[in-house]
Amino acid sequence: MRVQLVDPPAFTPPYDRSLAAALARAGVNIELVTSRFRYGTVPAAAGYEVKELFYRRGGHRRLLKLAEHVPDMLRYRREAQRADLVHWQWLSVEQLDAWLLPRGRPQVLTAHNVIAHEPRPGQAFARRRLLRAMDAVVVHSRHGADQAERLGADPARVRVIAHGAFDYLTKQEGELPLPDELAAVQAPVVLFFGLIRDYKGVDVLLRAWRSVPGDAELWIVGMPRVDMAPLRALAGERVRFVPRFVDDLELPAYFRRADLVVLPYRAADQSGVLYTALAFGKPLIASDIGGFGEVGAARTVPPGDEKALAEALRELLADPVAREGLAAASARAAAGPYSWDTVAESTLALYRELLNR
């Protein structure tokens, strides 16, 4: 079986490469067709081939990427003739892509975010058309399946397949230590990690933190995609910001140091940060949104409820036994239903079903 995983913008290299490696272990002939990831390191290819066929000249410049998009998608149509099945991870220009897809073979789309967090004009209509154009749509939760069906996907074509825990991050050679000023911290650490965007509720977390007593520190770590001034104004004592992209080799030190990982999101289906925390066996506090509660390994609180979030933070920081219980639940989830081999088994069953039709 020859399968191409396709992520034109290289939006999720950790996911793409973890799935590709797991499918290769399962005996699938896998190619990852993507573009060069320009922010940091990516997992080494293990048992599969990588072809960087998209956006070879555009770099970070959006207009050049747009100019390259249609020629690259048309060129990819020829490349797709080599595959038995095409599995899209992301599509860059959804308003055009339904007309640019290759023909003549089964196509799958993983809808990582069924509803865009920050939709552009016309995107919902375009996404509905794409969902209907696919032979199968993969979502990561029952909540995601419900969203896809409401958006117009055929329920018979929607398949719930879990997101895997990013265990490769726990096994890297050349891990980097924390910066000296963070390594010197002796107090407990609560970690918010990832791109800083409005829907992630960092403001809710900062307001909740004001009523958390003791010497624990809150670390907000990730590249800002919002104006940071209002967030800094909300930050009280014992808050540190690391407002930049953190590479794979730097990331483990932050998660190994954290006593709690918190995801105070207002809205989402799933989150790569959640599956990173599972891989490191970390106790989690998360908003009860999307598929977060389906994972079953986190203390959940209502989204946007700073009082409930503050109460959860106070209780868990004061109760190491409760934290150990949540940490054990994370480790079990990462080794079981959210292992990449389990994800690959479900994905391969879908491929076989489509190819046998």
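This is a dialogue on how to read some features of a predicted model.

Trainee: What should I know before I start?

Mentor: The model is predicted, so local features need pLDDT of at least 70 and side-chain atom pairs count only at pLDDT 80 or more, while totals for chains, interfaces and linings use all residues. Residues are numbered from 1 along each chain as its sequence is written, and side-chain values use heavy atoms, with hydrogens and water left out.

Trainee: How many aromatic pairs does the structure hold?

Mentor: Rings of Phe, Tyr and Trp (its six-membered ring) pair if their centres lie within 6.5 Å; planes under 30 degrees apart are stacked, over 60 edge-to-face, and the rest tilted. The structure holds 16 such pairs. In one of them, Tyr 76 and Trp 88 have ring centres 5.5 Å apart and planes at 75°, so the pair is edge-to-face.

Trainee: Which parts of the chain does that pair link?

Mentor: Helices (H or I, at least four residues) and strands (E, at least two) are DSSP runs, numbered from the N terminus. Tyr 76 lies in helix H2 (residues 62-80) and Trp 88 in strand E4 (residues 85-88), twelve residues apart, and the pair links distant parts of the chain.

Trainee: Are Tyr 76 and Trp 88 buried or exposed?

Mentor: Buried means under 20% relative accessible area, exposed over 50%, and partly exposed in between (1.4 Å probe, protein chains only). Both Tyr 76 and Trp 88 are buried.

Trainee: What does the pair of Phe 255 and Phe 280 look like?

Mentor: Phe 255 and Phe 280 are stacked, with 5.6 Å from centre to centre and 20° between the planes. Phe 255 is in helix H9 (residues 251-257), and Phe 280 is in the loop between helix H10 (272-279) and strand E12 (284-287), 25 residues apart. Phe 255 and Phe 280 are both buried.

Trainee: Which residues form an aromatic cluster?

Mentor: Tyr 15, Phe 166, Tyr 168 and Trp 340 form one.

Trainee: Where does the charged end of Arg 232 sit?

Mentor: A charge sits over a ring if NZ of Lys or CZ of Arg is within 6 Å of the ring centre and within 35 degrees of the ring normal. The charged end of Arg 232 sits over the ring of Phe 241, 4.8 Å from its centre.

Trainee: At what angle do H7 and H12 pack?

Mentor: Axes are lines fitted to C-alpha atoms, for helices over the stretch in contact, and angles run from 0 to 180 degrees between N-to-C directions. Angles under 35 degrees count as roughly parallel, over 145 as roughly antiparallel, 65 to 115 as roughly perpendicular and the rest as oblique. Helix H7 (residues 202-209) and helix H12 (residues 306-317) pack at about 60°, with axes 8 Å apart. H7 is therefore oblique to H12. Contact means heavy atoms within 4.5 Å; among the residues that make this contact are Val 204 and Trp 209 of H7 and Leu 309 and Leu 313 of H12.

Trainee: How many residues of H10 are buried?

Mentor: Seven of the eight residues of H10 are buried, so H10 is largely enclosed by the rest of the structure. Among the buried ones are Val 273, Tyr 275 and Leu 278. The cover includes strand E8 (189-193), H9, strand E11 (260-263), E12, helix H11 (292-295) and helix H13 (320-335).

Trainee: How do H10 and H13 pack?

Mentor: The angle between H10 and H13 is about 105° and their axes are 7 Å apart. That makes H10 roughly perpendicular to H13. Ala 277, Leu 278 and Ala 279 of H10 make the contact with Ser 330, Ala 331, Ala 333 and Ala 334 of H13.

Trainee: What is there to say about phi?

Mentor: Most residues other than glycine have a negative phi. Ala 10 has a positive phi, near 50°, and is placed in the loop between strand E1 (2-7) and helix H1 (13-25). Ala 10 counts as buried, at 5% relative accessibility. Tyr 55 also has a positive phi, of about 55°, and is found in the loop between strand E3 (49-52) and H2. Tyr 55 is buried too, with a relative accessible area of 3%.

Trainee: Which residues does Thr 12 contact?

Mentor: Thr 12 is in the loop between E1 and H1 and counts as buried at 16% relative accessibility. Leaving aside neighbours within four places in sequence, Thr 12 is in contact with Asp 7, Trp 90 and His 112.
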